[in-house]
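Please walk through the packing of helices and strands in the model shown here.

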Amino acid sequence: MMLPRCAVSVCHVLVLVLCLSAAEDFDWTKNNYGSFYYGTFPAGFSWGAGGSAYQTEGAWDQDGKGLSIWDVFSHRKGKIQQNETGDSSCEGYYKFKDDVSLMKELKLNHYRFSISWPRIIPTGIKSDHVNEKGIQYYDELIDTLMENKITPIVTLYHWDLPQVLQEKYGGWQNISMISHFNEFANLCFEKFGNRVKYWITFNNPWSVVVEGYETGEHAPGLRLKGAGAYRAAHHIIKAHAKVWHTYDTQWRGRQKGFIGISLSGDWGEPVDISNQKDIEAAERYVQFNLGWFATPIFHGDYPQVMKDFVGSKSVQQGLGTSRLPTFSPQEKSYIKGTCDFLGIGHFTTRYITHKNNPSGRSGSSYFADRDLAELVDPRWPDPGSEWLYSVPWGFRRLLNFVKTQYGNPMIYVTENGVSEKMLCTELCDEWRIQYFQDYINEMLKAIRDGVNVKGYTAWSLLDKFEWDEGYSERFGLYYVDFRSKNKPRYPKASVQFYKRIISSNGFPNQREVENWRRKSVETCSSSNQLLAAEEQRSTAANILRLIHDPLTSHMEMVTEIVVPTVCTLCILLSAIFLMFLLRRRN
Ligand code: NOJ
């Protein structure tokens with residue numbers, strides 16, 4: 001039956017009003033911190049941990065794998081701390097059975113990992129060649145997980161684009177990535193979809209486009225300021241939608257799975273919640289990050305505020321059109337609603353205030369487009385990565401924001417965790433226990449607020465290659481000794497603590513939770529001893545190696561003994577000289 005035209009228009013207006021009112025629901029002016037909440041998660045809540053292919057697998061050139069942009073980028077000098085690479089990383093390719101045992105020990109319900117595109121399609125182009133050995137590896141990994149009743153949650157793109165696609169087409173700058181990615185995804189559904197029921201198309205596309213195409217800190221290392229990131233994001237959003245439709249029309253009927261995307265969502269809190277300008281700036285911060293991808297996927301187009309800001313800056317810069325690309329009406333309806341669940345990767349929060357960035361002064365840039373400044377509270381703990389401050393209440397705020405903006409979607413927290421510094425070989429990671437306890441508790445409060453969170457993924461199972469930071473930041477529940485060839489894993493205290501949260505499905509009461517903390521820290525001292533013994537052994541081995549290698553030993557002696565000694569002597573002599581001068585003056 002055809003509806004009269006005016007009825008259709010009334011419906012449109014109603015839908016628009018509903019969307020607008022939903023978007024206005026989030027209350028920026030109320031931040032209800034609340035005290036610790038003892039209680040449990042809904043039955044069936046899924047507890048997991050995660051990792052990704054390039055960060056953990058190693059075996060970068062083994063068994064027919066092609067090169068990825070990260071293989072090439074990390075081999076270029078000066079791109080990664082200490083010029084480290086993911087060549088061998090945790091050797092996860094060889095040790096996955098051991099790792100599944102660790103997951104079992106933790107009693108995980110799910111494990112999140114990614115498939116390396118060039119491991120199964122070496123050039124990225126399916127018609128070139130499919131690498132059976134790569135398929136076999138993921139087959140075995142998935143089977144081992146299933147045998148242990150651990151649900152695989154699989155990411156198709158965790159940043160390791162085949163290098164050939166970068167060289168031939170310019171990677172995500174080029175629209176042809178959409179069909180190549182779709183073919184890869186389709187192959188994964190065909191080969192693994194009988195067992196994998198949770199698919200994530202892209203992991204954290206914000207990082208892919210901003211760090212890969214704007215700042216160049218990540219592979220492919222391009223600095224196409226103010227335009228490259230928007231273009232790459234445009235293609236990624238379309239590629240996501242295409243793959244969702246492929247699954248929806250060709251596989252869902254048989255395989256009965258879910259397919260979503262994992263977005264990074266740092267929270268932005270207005271510096272002054274009574275100041276409208278700060279509120280608007282904080283909203284811009286979130287919209288230019290999470291909203292950039294979530295709004296097209298849930299509502300069909302970019303956030304209005306992005307269109308306004310990038311548009312007017314582009315005009316001021318004398319450009320004929322906005323640097324933010326546009327979707328056609330057909331594309332909007334094709335993209336809208338392509339998400340069965342939303343993955344959220346959340347680590348930290350910033351305070352946000354309005355700050356004018358007059359356009360043109362420093363050229364165009366994604367960061368300048370937002371007209372804001374980011375601040376941190378110096379009292380916030382920051383145990384590891386420079387950017388990662390522990391602000392648990394930001395997590396609840398973000399989850400509530402997602403609920404109100406996108407119609408309370410099904411959410412899986414796909415990443416949450418904290419790092420420590422490389423040189424810290426301390427397995428008694430009390431700060432991580434604190435972080436997990438508080439962040440998981442805020443997630444519980446959000447569920448009480450009505451947010452539809454179905455699962456939580458601690459990031460990460462193992463210490464691993466941390467992109468441009470190399471191995472200098474350790475996110476793992478398990479410590480990995482990267483200096484040892486066999487890459488042994490040692491449990492940190494947080495393993496025991498997380499295990500208890502999982503087995504109680506939450507936080508029973510204060511006495512019990514305090515007990516967990518005490519016991520977790522007690523158990524780690526024996527692992528600490530093991531690790532210390534191993535370290536002494538490898539230090540001794542290194543000394544022996546140095547004795548046998550006079551050139552290296554000479555150079556190390558210069559940097560480790562001669563330079564510090566000379567510096568100390570200089571400082572001492574200057575001090576004596578100064579005292580002498582002062583005395584003479586008196
Ligand atoms: C988000 C990325 O997806 C993940 O790979 C990385 O380990 C974490 N951020 C921590 O930096």
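The model is predicted.

Two packed helices are described by the angle between their axes and the distance between the axes. For helix α9 (residues 205-213) and helix α10 (residues 228-255), the axes come within 8 Å and cross at roughly 145°. The crossing of α9 past α10 is right-handed. On the α9 side, the contact is formed by Pro205, Val208, Val209, Val210 and Tyr213, and α10 contributes Gly228, Ala229, Ala232, Ala233 and Ile236. By class, the residues of this contact between α9 and α10 comprise nine nonpolar, one polar and no charged.

The sheet comes next. Strands of a sheet pair through backbone hydrogen bonds, either parallel or antiparallel. Here three strands make up an open sheet in the order β7-β9-β10, and the pairing is mixed. At the edges are β7 (267-270) and β10 (372-375), each of which pairs on one side only. From one strand to the next, the twist averages 40°. Strand β9 (residues 349-354) runs antiparallel to β10, and four bridges join the two. Within this part of the sheet, Thr353 stands opposite Ala373 in β10.

Two helices lie across strands of this sheet. Helix α11 (residues 276-299) lies across β7, β9 and β10, and its direction is at about 130° to β9. Helix α15 (residues 392-405) lies across β7 and β9, running at about 100° to β7.

Conventions
Residues numbered from 1 in each chain as written. Predicted model: local features only at pLDDT ≥ 70, side-chain atom pairs only at ≥ 80, totals over all residues. Heavy atoms only, no water. Axes fitted to C-alpha atoms, helices over the stretch in contact; angles between N-to-C directions. Left-handed = near helix turned anticlockwise from the far one by under 90°. Contact = heavy atoms within 4.5 Å. Nonpolar A, V, L, I, M, F, W, Y, C, P; charged D, E, K, R; others polar. Pairing = 2+ DSSP bridges.
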